[in-house]
Amino acid sequence: MIRLRPGPPATTTDLRRAQQLSGLLRGELDRVRGAALAWRNGLGGLLVALLGFGLVRGRTDVTTLRPGWAAAVGLLLLGAVVVGAVGAMALLRAAHGRLTVTPVAALAPSPLADHQEAVAAARALRAGVVLVLVCAGLLVAAVGVTWYAPARPAPVAGTTR
């Protein structure tokens with residue numbers, strides 16, 4: 001038979017450590033959400049700058065590119081839109097939480113629920129940052145292709161299309 005007995009009494013160091021841990025857990029979610037807001041704003045500014053740069057410079061009409069290159073630009077832009085949208089949703093999830101209502105019966109105790117939400121928000125923040133940076137890379141690649149891809153050959157005089 002196994003007998004359980006109380007352990008040694010907590011020392012002052014143990015109590016201080018428990019207070020520090022409790023304080024860190026209480027402010028953890030607010031810190032992650034604040035970081036997510038800052039990243040969302042900073043990455044949004046980066047994308048606006050990249051879009052402005054891409055719209056100011058480069059060819060204005062991809063129909064002047066050879067067909068394969070024009071399709072590549074289209075695929076790069078489509079990829080940038082999809083990846084950017086998923087990244088934006090991840091950043092919004094990190095900054096503001098899930099868009100769901102948890103039933104009262106499924107709620108965890110407050111410190112545990114806050115910690116679980118902070119971990120999920122940090123995971124969403126990391127994913128959002130990576131996805132938005134991939135989106136920026138795809139946008140830069142699309143602009144680069146429009147700059148440097150070979151142009152469609154000019155029609156030969158006397159032929160019709």
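Is Glu117 buried or exposed, and what is its relative accessible area? In this predicted model, Glu117 is buried, with a relative accessible area of 17%.

## Salt-bridge network

The count of salt bridges comes to two. Arg33 forms one with Glu117, with the closest N and O atoms 2.6 Å apart. This pair links distant parts of the chain, since Arg33 belongs to helix α1 and Glu117 to helix α3, 84 residues apart.

Glu117 also forms a salt bridge with Arg93, where the closest N and O atoms are 2.6 Å apart. Glu117 lies in helix α3 and Arg93 in helix α2, so this pair ties together parts that are 24 residues apart in sequence. Through shared partners, the salt bridges join Arg33, Arg93 and Glu117 into one network.

## Surroundings of the arginines

Arg33 is buried, with a relative accessible area of 18%. Arg93 is likewise buried, with a relative accessible area of 18%, and is located in helix α2, which spans residues 67–96. Neighbours within four places in sequence aside, Arg93 is in contact with Arg33, Arg98, Glu117, Ala120, Ala121 and Ala124.

## Nonpolar cores

The largest nonpolar core has 16 residues, of which Leu47, Leu91, Leu125 and Cys135 touch the most other members. Helices α1 (12–56), α2 and α3 (110–148) each supply at least two residues of this core. Its largest share, seven residues, comes from α3. Apart from this core lies another, of five residues, among them Leu65, Ala70, Val73 and Val145.

Not counting residues up to four places away in sequence, Leu91 touches Arg40, Leu43, Leu125, Gly128, Val129 and Val132.

Methods:
Residues numbered from 1 in each chain as written. Predicted model: local features only at pLDDT ≥ 70, side-chain atom pairs only at ≥ 80, totals over all residues. Heavy atoms only, no water. Helix = DSSP H or I, 4+ residues; strand = E, 2+ residues; numbered from the N terminus. Buried < 20%, exposed > 50% of the residue type's maximum accessible area, 1.4 Å probe, protein only. Contact = heavy atoms within 4.5 Å. Core = buried A, V, L, I, M, F, W, Y, C linked by side-chain atoms within 4.5 Å. Salt bridge = Lys/Arg side-chain N within 4 Å of Asp/Glu carboxyl O.
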